[in-house]
Amino acid sequence: MNSRLAVVKVLLQVTQQGRNLPDAIANYADKIEDHDRGLVQAMSYGVIRLYPRLEFIANQLISKPLKAKDSDVLLLILSGLYQLIEMRIPDHAAVSETVKVTKALKKPWAKNLVNAILRNYQRQIPAINNKIEKNAEAKFAHPFWWIKLIKDNWAENERWQTILEANNQNPPMTLRLNTKNISRDDYLNLLTENEINAFAGKHSPDAICLEKPVQVNALPLFKEGKVSVQDEAAQLAAILLAPQKGERILDACAAPGGKTIHLLEREKDINLLALDIEESRLKKVQENLDRTHLDAQLLAANAFNPDDWWDKQLFDRILLDAPCSASGVIRRHPDIKLLRHETDIPQLIQDQAQILNALWPLLKSGGMLLYATCSVLAEENTLQIQNFLQSHADAVLQPINSDWGHQQAAGKQILPGENGMDGFFYALMQKQ
């Protein structure tokens, strides 16, 4: 399949069927040439990342709105605009190759339309850029409700703009090294020998940041399970929970298993139960366990209802990586801009409270619960924890003494892009 046609097909699945980007791309992986996969991924992610801006530009240039059945033509136009604006493809090639796809779509009538719109954009760049500056959705490349929500949460010092801008950047590729097997300095030297430029992470002793992303199979010791891909902010979970030898630990909402593996890498002699509501998602956890040669008990069950799965043996520590808006990882998952809806947020807040309340009785006296989200919204984070503390007299908030994040009324917040990290929130509580 032509790479640009594949991009349109991927975009259709995301925008029309609500499928996430990785799954949509995977559907076409075996239909495109190996050398085209990088282009398909870069264009698909890029168009979705800047979708509100590209759609705004297209609307300035399309004199008559396209019919719903021609949404593929609109997506083709957006992909052409993305190539002209963001990619190093020569303009003439971007236009001609995009126009050719109208034939593959069996819509030859659109050939002149697509060509005219892309050519008109090139002629009107200054005027269109002026219009973008005056339209919030286009300027920040986020739906308006997202802009308002983040602005309401981070109006102080105009941090909301910094968050929105960070969401539109390509995320770095960060590795998590099992330092029980190889030192960070030795692995950095190994990367240098393989002509991969990298540097040590600032906040996790196990983190290594690559200057440019590479295929995982190009990473030394990846197949042997000694290194994994995980954002540095996410690595802080296992460090904060600090598993100790012989402890019984629950990793609730565990899939895809990055934090599960990290807990075991830091202390393999623990009794770890990794829980997730979807059995299909636990397959990824098992794959990660197999690759890293580690063991945990996996269970497909609902954290809301411990009576259905809990064996009445208390846990020493619990990691609750709660379901959330994912507002802190939009740069890594740009489809969140389109797939998440404003009406989802209240339900997520309710779910978080319900899981917290359900899991707290499973914790030993003196035990620790780490609440984590990849959100930047106070209602999911510090306000959620404050409400929990008010209703649980036996819960004591523990200080997080770190040089990362912003101290909140309860817990600490990392914002997207700070020291290269994703947006994460952490609150650590001990049971009296």
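**Leu221 lies in the loop between strand E3 (207–210) and E4.** The model shown is predicted: local features require pLDDT of at least 70 and side-chain atom pairs count only at pLDDT 80 or more, while totals for chains, interfaces and linings use all residues. Residues are numbered from 1 along each chain as its sequence is written, and side-chain values use heavy atoms, with hydrogens and water left out. Strands (E, at least two residues) and helices (H or I, at least four residues) are DSSP runs, numbered from the N terminus. Although Leu221 is not a glycine, its phi is positive, at about 70°. With a relative accessibility of 21%, Leu221 counts as partly exposed; buried denotes under 20% relative accessible area, exposed over 50%, and partly exposed the range in between, for a 1.4 Å probe and protein chains only.

**Lys312 also has a positive phi of about 70° without being a glycine.** The residue is placed in the loop between strand E7 (297–300) and strand E8 (315–321). Its relative accessibility is 51%, and Lys312 therefore counts as exposed.

**Four strands form an open sheet in the order E2-E3-E1-E4, with antiparallel pairing.** The edges are strand E2 (198–200) and strand E4 (227–229); each has a single partner strand, so one side of each has no neighbour in the sheet. From one strand to the next, the twist averages 30°; strand axes are lines fitted to C-alpha atoms, and angles run from 0 to 180 degrees between N-to-C directions. Two strands are taken to pair if DSSP finds at least two bridges between them. Strand E1 (residues 174–177) is joined to E4 by three bridges in the antiparallel sense. Within this pairing, Arg176 has Ser228 of E4 as its bridge partner.

**Strands E5 and E6 pair in the parallel sense.** Four bridges link strand E5 (residues 248–252) to E6. Leu250 is opposite Leu273, which belongs to E6. Of the six residues in strand E6 (residues 271–276), five are buried, so the strand is largely enclosed by the rest of the structure.

**A cis peptide bond connects Ala255 and Pro256.** The omega angle of this bond is about 5°. Pro256 is situated in the loop between E5 and helix H14 (258–266).

**Asp72 and Lys107 are joined through their side chains by a polar contact of 2.8 Å.** A polar contact is a pair of N or O atoms within 3.5 Å; within protein, one atom must be able to donate a hydrogen and the other to accept it, and residues adjacent in sequence count only if both atoms are side-chain atoms. Asp72 belongs to helix H5 (residues 71–86), and its 10% relative accessibility means that it counts as buried. Apart from neighbours within four places in sequence, Asp72 is in contact (heavy atoms within 4.5 Å) with Val8, Leu12, Leu105 and Lys107. Between Asp72 and Gln398 there are 52 Å from C-alpha to C-alpha, at a sequence separation of 326 residues.

**The side chains of His406 and Glu418 make a polar contact of 2.5 Å.** His406 is part of strand E11 (residues 406–407). A relative accessibility of 18% means that His406 counts as buried. Beyond its neighbours within four places in sequence, the contacts of His406 are Arg159, Gly411, Lys412, Gln413, Leu415 and Glu418.

**Aromatic rings form six pairs in the model.** Rings of Phe, Tyr and Trp (its six-membered ring) are paired if their centres lie within 6.5 Å; planes under 30 degrees apart count as stacked, over 60 as edge-to-face and the rest as tilted. Trp145 and Trp146 are a stacked pair, because their ring centres are 4.5 Å apart and their planes are at 25°. Trp145 counts as buried at 17% relative accessibility, as does Trp146 at 0%. One aromatic cluster is made up of Trp404, Phe424 and Tyr426.

**Lys412 has its charged end over the ring of Trp404.** A charge is taken to sit over a ring if NZ of Lys or CZ of Arg is within 6 Å of the ring centre and within 35 degrees of the ring normal. The charged end of Lys412 is 5.5 Å from the centre of the Trp404 ring. Arg291 lies over the face of Phe222, 4.1 Å from the ring centre.
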